[in-house]
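Please go through this report with the model open beside it.

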Amino acid sequence: RGKVRSWPKDNQSQPVHLTAFLGYKAGMTHTLREVHRTGLKIAKREEVEAVTIIETPPLVIVGIVGYIETPRGLRNFKTVFAEHLSDECKRRFYRNWYKSKKKAFSKYCKKWQDETGKKQLEKDFDSMKKYCKIIRAIVHTQMRLLPLRQKKAHVMEIQLNGSSISDKV
């Protein structure tokens, strides 16, 4: 899995959108295209080029992270995960899935059911809207849709750009 070295600048006039996407190399093929170059003997000629086919199954958003700006750079302010996480995502948090008790996020998901937990989550969302400068989504791939042997999903943070912070949250 690669990583994003720099995110594009945020433009407030655009709607909220993801700034990256995860894909897997599925294979290679070739295309035949016309090349238009003036000044050559053969101005319009057909050229064969190698192309890579990338498979991009839909991503699943499992949480959001808010960052605040400090004099030393960005700092994680709040992280909120979804109520339900798929087994593909939970596998990423274990080294040996079949031996484990599979208890990851079992206590965290109870926050979404009781009243005090819901109030805490609302408080977290409000503080993110108030203080955070950058919002990133925690996403994972759907490995079951791919023809790969691997069942453990790849998890990644993807920055949300466009519109206001409250819209992103």
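## Ring contacts

K102 lies over the face of W97, 5.0 Å from the ring centre. A charge counts as over a ring if NZ of Lys or CZ of Arg is within 6 Å of the ring centre and within 35 degrees of the ring normal. R136 has its charged end over the ring of Y67, at 4.9 Å from the centre.

This is a predicted model: local features need pLDDT of at least 70, side-chain atom pairs count only at pLDDT 80 or more, and totals for chains, interfaces and linings use all residues. Residues are numbered from 1 along each chain as its sequence is written, and side-chain values use heavy atoms, with hydrogens and water left out.

Aromatic pairs come next. A search of the whole structure finds six. One of them joins F81 and Y108, edge-to-face, with 6.2 Å centre to centre and 90° between the planes. The pair links distant parts of the chain, 27 residues apart. F81 is in strand β5 (residues 73-81), and Y108 is in the loop between α1 (87-91) and α2 (115-131). Rings of Phe, Tyr and Trp (its six-membered ring) pair if their centres lie within 6.5 Å; planes under 30 degrees apart count as stacked, over 60 as edge-to-face and the rest as tilted.

Are F81 and Y108 buried or exposed? Both are buried. Buried means under 20% relative accessible area, exposed over 50%, and partly exposed in between (1.4 Å probe, protein chains only). F81 and Y108 also belong to one aromatic cluster with F93 and F105.

## Salt bridges

Side chains of opposite charge can pair when their charged atoms come close. A salt bridge here is a side-chain nitrogen of Lys or Arg within 4 Å of a carboxyl oxygen of Asp or Glu. The structure holds six salt bridges. Among them are the following.

| Pair | N to O distance |
|---|---|
| K168 and D10 | 2.6 Å |
| E49 and R33 | 2.9 Å |
| K78 and D124 | 4.0 Å |

What does the bridge between K168 and D10 tie together? K168 lies in helix α3 (residues 165-168) and D10 in the segment before β1, so the pair connects parts that are 158 residues apart in sequence. K168 is buried, at 8% relative accessible area. D10 is partly exposed, at 31%.

The bridge between E49 and R33 spans two strands. E49 lies in β3 (residues 44-55) and R33 in β2, so parts 16 residues apart in sequence are tied together. E49 is partly exposed at 27% relative accessible area. R33 is partly exposed as well, at 40%.

K78 and D124 connect a strand to a helix. K78 is in strand β5 and D124 in helix α2, so this pair ties together parts that are 46 residues apart in sequence. K78 counts as partly exposed, at 26% relative accessibility. D124 is buried, at 7%.

## Overall form

The chain has three helices and seven strands. Helices (H or I, at least four residues) and strands (E, at least two) are DSSP runs, numbered from the N terminus. From that end, the elements run β-β-β-β-β-α-α-β-β-α.

How does the radius of gyration of the chain stand against a compact globule of 169 residues? The globule would have a value near 15 Å, but the chain has 22 Å. The radius is taken over C-alpha atoms, and the globule rule is 2.2 Å times the number of residues to the power 0.38. Along the principal axes, the C-alpha atoms fill a box of roughly 75 × 45 × 30 Å. Of the 169 residues, 31% count as buried.

## Residues far apart in sequence

S127 lies in helix α2. S127 is buried, with a relative accessible area of 14%. The C-alpha atoms of S127 and G66 are separated by 9.5 Å, while the two residues are 61 residues apart along the chain.

K9 lies in the segment before β1. K9 counts as exposed, at 81% relative accessibility. Between the C-alpha atoms of K9 and N161 there are 7.8 Å, and along the chain 152 residues.
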